[in-house]
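Dear colleague,

Please find the structure below, together with the sequence. My notes on it follow directly after.

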Amino acid sequence: MGNQLITFLLPAYNETENILPIFDAICNQMQGSDYSFELLFIDDGSQDETLSAIRSLAINYKFVKYVSFSRNFGKEAAIYAGLQHAKGDAVILMDVDLQHPPSLIHELIEGYKEGNHQVVAKRNREGDSKLRTFLSTTFYRFMNQSVNVKLIDGEGDFRLLSRKAVEALLRLSEGNRFSKGLYEWIGMRKKTISYENVARENGKSKWSIGQLLNYGIDGLVSFNTKPLRLCFYAGAIIMSLSLLYILYSFISILQFGIDVPGYFTLISAILFLGGLQLFCLGILGEYIGRIYNETKKRPHYLIDDTNIMRSEGERERRIYHES
């Protein structure tokens, strides 16, 4: 499998101080390798000097490619764009903040040599806050009871994908993407390697607790319709209990006459049923909102600048701006 091309897919958002370190780390690991390689940076609309740092490398090294978005479209769009523009026979997805250890590159490639279409790096939770660990563990347990694919705690975007796996992912063109679920959905032969969690050296994490919660909701809604079934069951149970209560009240009236209804019972019923209705409407709204977004068929991203060449040898440069 020598003489094949490995593409390193590197999404970046406000990561100026990490561009050169990740470049040096990957080059050091690939030195003397039987594989040729390219570095594909996806600048997700950074507001700092990230794009300038990438351009400086691209000027001096032909194997450095980049795609720059017109604004911040999110990591899912960046991964999708990278997969579309990657030319490698295999693609290695890595974060540029060095929390994905470049020292594992050789293990990922060895797994690929063994015929695996996905070689996944799984991290532990050492160093994470107790709150973040609790939320992550709860999320994976809940998801695995709800969705039709099995998600494994610690497995993320850090992985090698064969060309066959890349093409399979590109066929899944939905707008609301949840890559962790998509990796599992396509299946294919897979190998997992484990590593110790690595703390970020430079900069701050771009993921807040609120963003992680929203990401979890996206994953839950994207990969199953069980919340809708939950609404159906909840409605059926409440309706049945209500009919029993009405029957009980009717029999009581026949036996003991009309009694003054209690304030507590009335208020409790109104609040409970009102809350249940709002909860179910919220779930329906999530699905309807995603249907609405999908029907608009907007592109996943817009490219502001890139140094990737067209097949005829011309530089591809797309600039979107208001006239």
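Helix α1 passes helix α2 in a right-handed crossing (right-handed if the near helix is turned clockwise from the far one by less than a right angle, left-handed if anticlockwise). This is a predicted model, in which local features need pLDDT of at least 70, side-chain atom pairs count only at pLDDT 80 or more, and totals for chains, interfaces and linings use all residues. Residues are numbered from 1 along each chain as its sequence is written, and side-chain values use heavy atoms, with hydrogens and water left out.

The axes of α1 (residues 16-30) and α2 (residues 50-60) lie 7 Å apart, at an angle of about 30 degrees. The two helices are therefore roughly parallel (an angle under 35 degrees). Axes are lines fitted to C-alpha atoms over the stretch in contact, and angles run from 0 to 180 degrees between N-to-C directions. Helices are DSSP runs of H or I with at least four residues, strands runs of E with at least two, numbered from the N terminus.

From α1, Thr16, Ile19, Leu20 and Phe23 meet Thr50, Ala53, Ile54 and Leu57 of α2, contact meaning heavy atoms within 4.5 Å. The residues of this contact comprise 6 nonpolar, 2 polar and no charged (Ala, Val, Leu, Ile, Met, Phe, Trp, Tyr, Cys and Pro count as nonpolar, Asp, Glu, Lys and Arg as charged, the others, Gly among them, as polar).

Thr7 belongs to strand β1 (residues 5-12) and is buried, with a relative accessible area of 0% (buried means under 20%, with a 1.4 Å probe and protein chains only). Leaving aside neighbours within four places in sequence, the contacts of Thr7 include Glu38, Leu40 and Ile92.

Yours sincerely

How values were computed:
Buried < 20%, exposed > 50% of the residue type's maximum accessible area, 1.4 Å probe, protein only. Parallel < 35°, antiparallel > 145°, perpendicular 65-115°, else oblique.
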